[in-house]
Amino acid sequence: MTTNKEEEKIGSLEDEALKRKERLKALKRKQEDSKGGDDLKPSQPLPKPKFRSYVPVDDTLKESSLPAAKPGNVEEEVKDQLQAANTRVVIEELDLSNLAPRKPDWDLKRDVAKKLERLEKRTQRAIAELIRDRLKKGQEDWATKVAIGAKANRDDVDDD
């Protein structure tokens, strides 16, 4: 059994090797064809030169020379640019806080922020506890005041 599996593996490996060899041969043929074709005949004709500022001596090359260029009207372009420079461009107001650089201690404030949050929570708890204590103390005072007021009301009612 193991020999059959091994023979199948070896057979498939040999098939893959043959396929690989065929692909390599095809690639080599393509490269040789592309190299050989370039050396023998060019696929595109060479471009003809255009002489802008050079005046050729040969008569056949003189035909491909371009006529002398005439300078453009620079005065109008300069006038347009001057007029564009004279017009004021209205810039929208910018928020100066976005443009201002950060303060030198911004990183320290960032690092201390967590500790300050904890302290703020503790402070709020302490304030709430003090308020509760005062309210408890005030309730006792209110209770005595209410008792005194109720007694005074009874006395007034009894007197009538």
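Predicted model: local features only at pLDDT ≥ 70, side-chain atom pairs only at ≥ 80, totals over all residues.

Colleague: How do you know how confident the predictor is here?

Modeller: Through pLDDT, the predictor's confidence in each residue on a scale from 0 to 100. The protein averages 80, and 82% of the residues score at least 70. Among the elements, helix H3 has the highest mean, 85, while helix H4 (residues 96–99) has the lowest, 66.

Colleague: H4 runs over residues 96–99, so what makes a stretch like that count as a helix?

Modeller: A helix needs a DSSP run of at least four residues, so residues 96–99 qualify. The protein has 5 helices and 0 strands, and the pattern along the sequence reads α-α-α-α-α.

Colleague: Why is Arg125 called exposed?

Modeller: The cut-off for exposed is over 50% relative accessible area. Arg125 comes in at 58%, so it counts as exposed.

Colleague: Which residues gather in a patch of negative charge?

Modeller: Glu75, Glu76, Glu77 and Asp80 do, on the surface. Asp and Glu count as negative, so the label follows. Glu75 lies in helix H3 (residues 74–86). With a relative accessibility of 59% against a cut-off of over 50%, Glu75 is called exposed too.

Colleague: Why is the contact of Asp111 with Arg110 called a salt bridge?

Modeller: In general, side chains of opposite charge can pair when their charged atoms come close. The rule asks for a side-chain nitrogen of Lys or Arg within 4 Å of a carboxyl oxygen of Asp or Glu. For Arg110 and Asp111 the closest N and O atoms are 3.3 Å apart, so the pair passes. Searching the whole structure gives 1 salt bridge.

Colleague: How much of the protein is buried?

Modeller: Buried residues make up 2% of the 160; the cut-off there is under 20% relative accessible area. The accessible surface comes to about 16900 Å², with 56% of it belonging to carbon and sulfur atoms.

How values were computed. Residues numbered from 1 in each chain as written. Heavy atoms only, no water. Buried < 20%, exposed > 50% of the residue type's maximum accessible area, 1.4 Å probe, protein only. Patch = residues over 30% accessible without salt bridge, like charges linked within 9 Å, V, L, I, M, F, W, Y side chains within 5 Å. Areas by Shrake-Rupley, 256 points an atom, 1.4 Å probe, with all protein chains shown as cover. Charge placed at Lys NZ, Arg CZ, Asp CG, Glu CD. Helix = DSSP H or I, 4+ residues; strand = E, 2+ residues; numbered from the N terminus.
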